[in-house]
Amino acid sequence: MSKVTNNKIINVVFMGTPEFAIPGLKALIANSRYNVKAVYTKVDKPRGRGKKLSASPVKILAQEHNIPVYQPNSLKTEIHNIAKINPDLIVVIAYGKILPREILELPRYACINVHGSLLPLYRGSACLNAPIINGDKKTGISIMKINESMDTGPILKQFEIELNSNSNLEYVHNTLSKLSGQVLIPTLNDWIDGKLEIMYQDNDKASYVKMLKKEDGKIDWQKKAITIDRLIRGLNPWPGTFTHINNKLIKIITAQVAPNSINKNHKVGEVFLESGHLTVKCGQGNLFILKLQIEGGKIMSSSDFISGHSDIIGQILK
RNA sequence: CGCGGGAUAGAGCAGUUGGCAGCUCGCCAGGCCCAUAACCUGGAGGUCGUCGGUUCGAGUCCGACUCCCGCAA
């Protein structure tokens, strides 16, 4: 064990795909102790209208810095290539693929993952959404050593942020993403310099969140207003929450639980006006709809919507 | 060439078989009331996305283009 800080350049392979991984990759690129030798990201997929091929944010950033980009379908065929790169460290942020054991064993400072929840809570891919949907008071990021199963490895460090009744997915995503960019380098430094004690996860307290499907955003008006509001905050802007009126799709962008004082005789899912707000009766309580989006239209405030659709008052959403 | 919807007043929308450009909200001026996200009267605000075609006449029919959006990924 040496007390002298190791100033040797750390060769890094970075693996990541979406916007969430960008601050972390930027931090690595900007720091002179780390040398990003290669970037792994998911293959370009047809996205958007017209099904045009589009590159991941991580790929675009890597190319801007002339870092070699690899996009294999499976990492199993890449073991040889990564061994050739001979990284001291592999950093994984939202890559979207499982790393085979042989790769885990390659770098001497291991494979380190930044996960968007306070593990052992919310292992899995919907880790950003789950705390909001469940109404948690806090969430955060866990920087951990990857082992063979999903998000179960020992934790190097955790960083918390607070949530309140207005926190939405966009806030959690942006805040945690930015936070990961700030804390990644100090944590890696401590790890490499042997200053960290790793903490094993308590499997009894663990939970797993499945990958979100579009259908998860369908609003069930039978549920409590507060539950629906959490769902809306936890799923927007992506994958979004929606309902139907007259067989037309309406996305609910933002809402707010209405005061308890309203207690009129409406059916569940019925739309009515209350103090100028577009309001929906829920299984318990009422929900003010603040912003929505109709098929083919842009996001608009509910008051704008009412201007041209006053006939929806009294209709039932389903 | 993945499927589909749309562009009309500041905002949201309607506009039938081509025939004077409309509605709700907002805005401006005035009025009313103890009072209101209330009501009354008056007013401003449009090259109907762009270009071309058909027609005596096009928001409306035909063609091309630009932009926006839902599905799907």
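# Briefing: chain A with RNA strand B

Cys 282 counts as buried, at 0% relative accessibility, where buried means under 20% relative accessible area, exposed over 50% and partly exposed in between, with a 1.4 Å probe and protein chains only. The model is predicted, so local features need pLDDT of at least 70 and side-chain atom pairs count only at pLDDT 80 or more, while totals for chains, interfaces and linings use all residues. Residues are numbered from 1 along each chain as its sequence is written, chains are lettered from A and ligands numbered from 1 in the order in which they are written, and side-chain values use heavy atoms, with hydrogens and water left out.

**Overall picture**

- Chain A has 318 residues, and 47% of them count as buried.
- Chain A contains 8 helices and 17 strands; these are DSSP runs numbered from the N terminus, with helices (H or I) of at least four residues and strands (E) of at least two.
- Taken along the principal axes, the C-alpha atoms of chain A fill a box of roughly 75 × 45 × 30 Å.
- The mean pLDDT of chain A is 92, and 97% of its residues reach 70 or more; pLDDT is the predictor's confidence in each residue, from 0 to 100.
- The scores of the model are ipTM 0.85 and pTM 0.89.

**The surface near RNA strand B**

- RNA strand B is surrounded by 22 residues, and the closest are Pro 46, Ser 275, Gly 296, Lys 298 and Asp 304; a residue is near a strand if one of its heavy atoms lies within 4 Å of it.
- By class, this surface has 4 nonpolar, 10 polar and 8 charged residues. Ala, Val, Leu, Ile, Met, Phe, Trp, Tyr, Cys and Pro count as nonpolar, Asp, Glu, Lys and Arg as charged, and the others, Gly among them, as polar.
- Strand S3 (45-47), strand S13 (248-257) and helix H8 (302-308) each supply at least two residues of the surface, and H8 gives the most, with 4 residues.
- Of the atoms of RNA strand B within 4 Å of the protein, 52% belong to sugar or phosphate, and the rest belong to bases.

**Individual contacts with RNA strand B**

- A polar side-chain atom of Arg 49 lies 3.0 Å from a base nitrogen of RNA strand B.
- For Gly 296, a backbone N or O atom is 3.0 Å from a base nitrogen of RNA strand B.
- Lys 214 has a polar side-chain atom 3.2 Å from a phosphate oxygen of RNA strand B.

**Cysteines**

- A disulfide is a covalent bond between the sulfur atoms of two cysteines.
- The structure holds 0 disulfides, counted as pairs of cysteine sulfur atoms within 2.5 Å.
- Cys 127 is buried, with a relative accessible area of 8%.

**The aromatic pair**

- The structure holds 1 aromatic pair. Tyr 40 and Tyr 70 form this pair, which is stacked, at 5.1 Å centre to centre and 25° between the planes.
- Rings of Phe, Tyr and Trp (its six-membered ring) pair if their centres lie within 6.5 Å; planes under 30 degrees apart count as stacked, over 60 as edge-to-face and the rest as tilted.
- Tyr 40 lies in strand S2 (residues 34-40) and Tyr 70 in strand S5 (residues 69-70), so the pair ties together parts that are 30 residues apart in sequence.
- Tyr 40 is buried, with a relative accessible area of 0%, whereas Tyr 70 is partly exposed, at 27%.

Key:
Polar contact = N/O pair within 3.5 Å; in protein donor to acceptor, adjacent residues only side chain to side chain.
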